[in-house]
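Please walk through the structure below with me. The tour takes in single residues, a whole chain and a contact between chains.

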Amino acid sequence: MLILECPYCGVKAEETELSPGGEAHLKRFGPGSSDADFEAYMFARKNPKGVHFERWRHAYGCGKWFLAARCTATLEVFGTYPAQSSEPPADIVAKIKAKRPEWKGFS
Amino acid sequence: MKRYSVFALAREAFNHHQGWERAWKSPTPKASYDAVIIGAGGHGLATAYYLGKNHGIRNVAIIEKGWLGGGNTGRNTTIIRSNYLQDPSAAIYEKARSLYETLSQDLNYNIMFSPRGLLMLAQTHHEVRGYLRTVHANNLQGVATEWITPERVKALVPIINIDGPRYPILGALYQARGGTARHDAVAWGYARACSEMGMDIIQQCEVTGVRSENGKVTGVETTKGFIGTRKLGIVVAGHSGQVAEMAGFRLPVESMALQALVSEPIKPCMDVVVMANTVHGYMSQSDKGEMVIGGGTDGFNNYTQRGSFHHIEETLRALVETFPMISRLKMLRQWGGIVDMTGDRSPIISKTPLGNCFINCGWGTGGFKAIPGSGWAMADLMARGEPGPLAAEFDMWRFREGRFIDESVAAGVAH
Ligand SMILES: Cc1cc2nc3c(=O)[nH]c(=O)nc-3n(C[C@H](O)[C@H](O)[C@H](O)COP(=O)(O)OP(=O)(O)OC[C@H]3O[C@@H](n4cnc5c(N)ncnc54)[C@H](O)[C@@H]3O)c2cc1C
Ligand SMILES: [Zn+2]
């Protein structure tokens with residue numbers, strides 16, 4: 001069972017209290033953008049086997065969206081952080097690098 | 001290869017069963033092949049089989065990181081149906097279903113195809129309208145399905161409760177020639193036939209890189225060394241994104257866990273397959289007597305082949321109203337597979353940005369039923385370099401162009 005700490009209310013919530021929202025830090029492309037950019041934004045997810053940054057909602061708690069860094073190959077959680085972040089915070093990146101030296105970093 | 005038959009069985013019975021041959025060889029890889037297929041699941045093996053049978057291409061290797069049939073092909077709940085809404089889906093799934101009818105004879109291997117009939121229950125008025133529409137579409141497509149009343153549902157499935165109260169049964173979409181087959185046997189039967197044609201099935205060999213020159217594939221790096229090839233087929237289901245990245249492109253695919261479970265074996269009580277898409281559950285009874293049960297996918301990206309327990313609980317909780325007798329059953333085993341979900345819930349059978357490299361993926365939660373048809377279409381694509389009518393609409397560029405084959409609206413959870 002997955003347990004994520006909500007960065008807003010501090011609750012250590014288990015999975016049934018949360019709803020998953022897919023890949024985080026997507027760059028949005030709307031009207032006027034190229035077909036390739038729009039397709040990549042809509043459909044082409046990174047889907048890595050390993051470190052993944054993703055959106056979650058504390059659905060049966062404070063109701064807020066937040067972000068999490070998690071490994072899809074082991075389900076290990078590296079940390080959670082507020083949805084207002086445009087990229088993963090430095091302390092979480094450092095923690096992942098220490099644990100996964102082969103990880104190529106956030107891009 | 002010695003053929004399997006009733007005479008072979010009798011001969012071996014007198015021979016203390018000492019004379020059975022190995023069903024397939026375990027060769028060491030050659031330096032290069034005319035075609036290499038990554039992934040010895042049902043789709044990869046069927047692709048190789050039809051490359052040999054339909055196109056005479058037999059200098060082929062199938063490379064598998066684990067054991068053949070150990071991916072989703074050996075983890076699924078074996079439902080076979082072709083009652084899809086969209087024309088391209090109905091065409092390829094019906095091709096597959098009709099090939100299943102004679103696959104045991106074709107492969108000389110008993111895949112235990114059991115066209116026992118399949119019901120998709122309508123438990124809301126929205127579903128009633130949806131399935132009536134599907135029946136009309138199917139009749140135009142040449143797929144034999146019909147709409148049946150709650151009374152007929154009860155006659156076909158005596159253990160069902162049609163009265164609700166939450167989700168009363170309002171009717172069902174019935175495909176009399178839908179059913180099940182033995183999943184392992186499908187992989188094993190194709191593997192034996194491929195090996196007999198002289199193809200190399202290389203197990204315990206992981207592809208770790210794709211090599212190319214001037215935009216064309218030249219071979220694959222593996223844990224058993226470099227293997228050259230003129231054509232490459234990527235058929236790795238949940239790992240499609242990972243292998244596509246090795247080949248230098250990204251796919252509209254996400255990998256998630258899908259779980260299933262079986263009960264303790266009980267006496268025969270249900271001789272059809274029943275799917276209840278509103279409550280996200282479905283059930284059939286195996287020949288061993290176990291009730292085989294599945295539900296919807298877990299919600300987050302996952303490569304661990306195990307899912308979250310609460311999804312199992314949700315599936316059973318929902319099914320108990322419709323099948324009250326299962327509340328007394330002990331559940332024996334539960335497992336997960338990693339399914340490759342596309343944006344429109346339809347598969348991809350396509351050329352790729354890399355020359356001579358082809359991909360077959362995105363079958364997600366429902367590709368077991370498609371194995372023969374998918375292999376047929378993929379072999380055609382790999383042999384000719386261009387898709388035939390079965391594969392044409394399933395190219396990977398449809399997402400860019402908005403040509404979706406939208407089965408997510410049509411089928412809900414369905415497998
Ligand atoms: C629980 C569950 C229930 C299901 N129920 C149904 C159902 O009732 N009806 C239905 O039609 N479908 C069902 N499905 C879906 C169906 O199982 C799949 O769509 C189908 O089996 C996919 O077959 P495949 O050959 O593409 O993939 P797989 O059988 O997964 O084969 C892919 C193979 O590629 C190998 N591979 C991956 N990466 C590499 C690499 N780098 N190098 C070498 N080899 C590699 C894997 O080890 C694997 O053996 C279900 C799936 C699950 C998980
Ligand atoms: Zn919260």
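Contact means heavy atoms within 4.5 Å. T297(B) is in contact with A257(B), L258(B), H311(B), V339(B), M341(B) and T365(B), leaving aside its neighbours within four places in sequence. T365(B) is 68 residues from T297(B) in sequence, yet their C-alpha atoms are 7.8 Å apart in space. T297(B) belongs to strand β15, residues 291-301 of chain B. Helices (H or I, at least four residues) and strands (E, at least two) are DSSP runs, numbered from the N terminus. The relative accessibility of T297(B) is 26%, so the residue counts as partly exposed. Buried means under 20% relative accessible area, exposed over 50%, and partly exposed in between, with a 1.4 Å probe and protein chains only.

A word on the model and its conventions. This is a predicted model, in which local features need pLDDT of at least 70, side-chain atom pairs count only at pLDDT 80 or more, and totals for chains, interfaces and linings use all residues. Residues are numbered from 1 along each chain as its sequence is written, chains are lettered from A and ligands numbered from 1 in the order in which they are written, and side-chain values use heavy atoms, with hydrogens and water left out.

Now turn to chain A. Two helices and six strands make up its secondary structure. From the N terminus, their order is β-β-β-α-β-β-β-α. The radius of gyration of chain A is 15 Å, close to the 13 Å that the globule rule gives for 107 residues, so chain A is as compact as a globular protein of that length. That radius is taken over C-alpha atoms, and the rule is 2.2 Å times the number of residues to the power 0.38. Of the 107 residues, 37% count as buried.

T80(A) gives a local view. This residue lies in strand β6, residues 77-82 of chain A. Not counting residues up to four places away in sequence, T80(A) touches L4(A), E5(A), P7(A), F66(A), L67(A), A68(A) and I92(A). L67(A) is 13 residues from T80(A) along the chain, with 5.6 Å between their C-alpha atoms.

How many residues does each chain bring to the contact? Chain A gives 22 and chain B gives 25. The area buried between them is about 2,100 Å², with 56% from carbon and sulfur atoms. F43(A), N47(A) and K49(A) supply 32% of the area that chain A buries against chain B, more than any other three residues. Buried area is the accessible area (1.4 Å probe) that two parts lose on being put together, summed over both.
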